Amino acid sequence: MKALEQLKDALVEEFQLPDTIPASRDALLQELIWAVSRLLEKEPERFFQIMYRLDIPEAKLKEALNDRISGIDKVAALIFERQLQKFVSRKTPPTYPDDEELKW
């Protein structure tokens, strides 16, 4: 399964997105924008719990939320990029150039 498809599945589950959306960056970002907006308006505590669990850097989140024009778009992009980064890094085995015993 591709990282983008795994990302879609994770986002669908975490943010209750429709599972019929295509596994494309643009489609996922549009749905995330809607979900983030809804969460901030109706369930801000849940939103911040999700951000903590997804390990979104607090400084970047604050910076994005302070942007009144495109803040929600920026938050959605942070979520997308962080989750994609996790899926890609899970596929790549770690390298330990200085320790022969830790190499795979």
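A salt bridge here is a side-chain nitrogen of Lys or Arg within 4 Å of a carboxyl oxygen of Asp or Glu. For charge, Lys and Arg count as positive and Asp and Glu as negative, while His and the chain ends are not counted.

Lys86 belongs to helix H5, residues 71-91. Leaving aside residues up to four places away in sequence, Lys86 touches Arg53 and Leu54; a contact means heavy atoms within 4.5 Å.

## Basis of the model

The model is predicted: local features need pLDDT of at least 70, side-chain atom pairs count only at pLDDT 80 or more, and totals for chains, interfaces and linings use all residues. Residues are numbered from 1 along each chain as its sequence is written, and side-chain values use heavy atoms, with hydrogens and water left out.

## Overall architecture

The protein chain has five helices and zero strands, and its elements run α-α-α-α-α from the N terminus on. Helices (H or I, at least four residues) and strands (E, at least two) are DSSP runs, numbered from the N terminus. Of the 104 residues in the protein chain, 31% are buried.

The accessible surface of the chain comes to about 7200 Å², and 51% of this area belongs to carbon and sulfur atoms. Accessible areas come from the Shrake-Rupley method with a 1.4 Å probe, and for residues only the protein chains shown count as cover. Among contacts between residues at least 6 apart in sequence, 51% join residues at least 24 apart. Ser37, a residue of helix H2, is 10 residues from Phe47 in sequence, and the two C-alpha atoms are 9.6 Å apart in space. Ser37 counts as partly exposed because its relative accessible area is 30%.

Asp55 is found in the loop between helix H3 (44-54) and helix H4 (58-65). Its relative accessibility is 46%, so Asp55 counts as partly exposed. Although Asp55 is not a glycine, its phi is positive, at about 65°. Most residues other than glycine have a negative phi.

Arg82 forms a salt bridge with Asp55, with the closest N and O atoms 3.1 Å apart. Because Arg82 lies in helix H5 and Asp55 in the loop between H3 and H4, the pair ties together parts that are 27 residues apart in sequence. Arg82 counts as buried because its relative accessibility is 18%. Not counting residues up to four places away in sequence, Arg82 touches Leu54, Asp55 and Ile56.

## Further salt bridges

A search of the whole structure finds seven salt bridges. Side chains of opposite charge can pair when their charged atoms come close. One of the pairs joins Glu43 to Arg38, with the closest N and O atoms 3.8 Å apart. Glu43 is partly exposed, at 32% relative accessibility. Arg38, Glu43 and Arg46 are linked in a network of salt bridges.

Asp67 forms a salt bridge with Lys74, and here the closest N and O atoms are 2.7 Å apart. Both partners are partly exposed: Asp67 has a relative accessibility of 22%, and Lys74 has a relative accessible area of 38%.

Glu5, Asp9, Glu13 and Asp19 gather in a patch of negative charge on the surface. Patches are made of residues with over 30% relative accessible area and no salt bridge, like charges being joined within 9 Å and nonpolar side chains (Val, Leu, Ile, Met, Phe, Trp, Tyr) within 5 Å. The place of a charge is taken as NZ of Lys, CZ of Arg, CG of Asp or CD of Glu. Glu13 lies in helix H1, residues 3-15, and counts as exposed because its relative accessibility is 66%.

Gln16 lies in the loop between H1 and helix H2 (25-42). The phi of Gln16 is near 50°, a positive value in a residue other than glycine. With 45% relative accessibility, Gln16 counts as partly exposed.

Conventions: Buried < 20%, exposed > 50% of the residue type's maximum accessible area, 1.4 Å probe, protein only.
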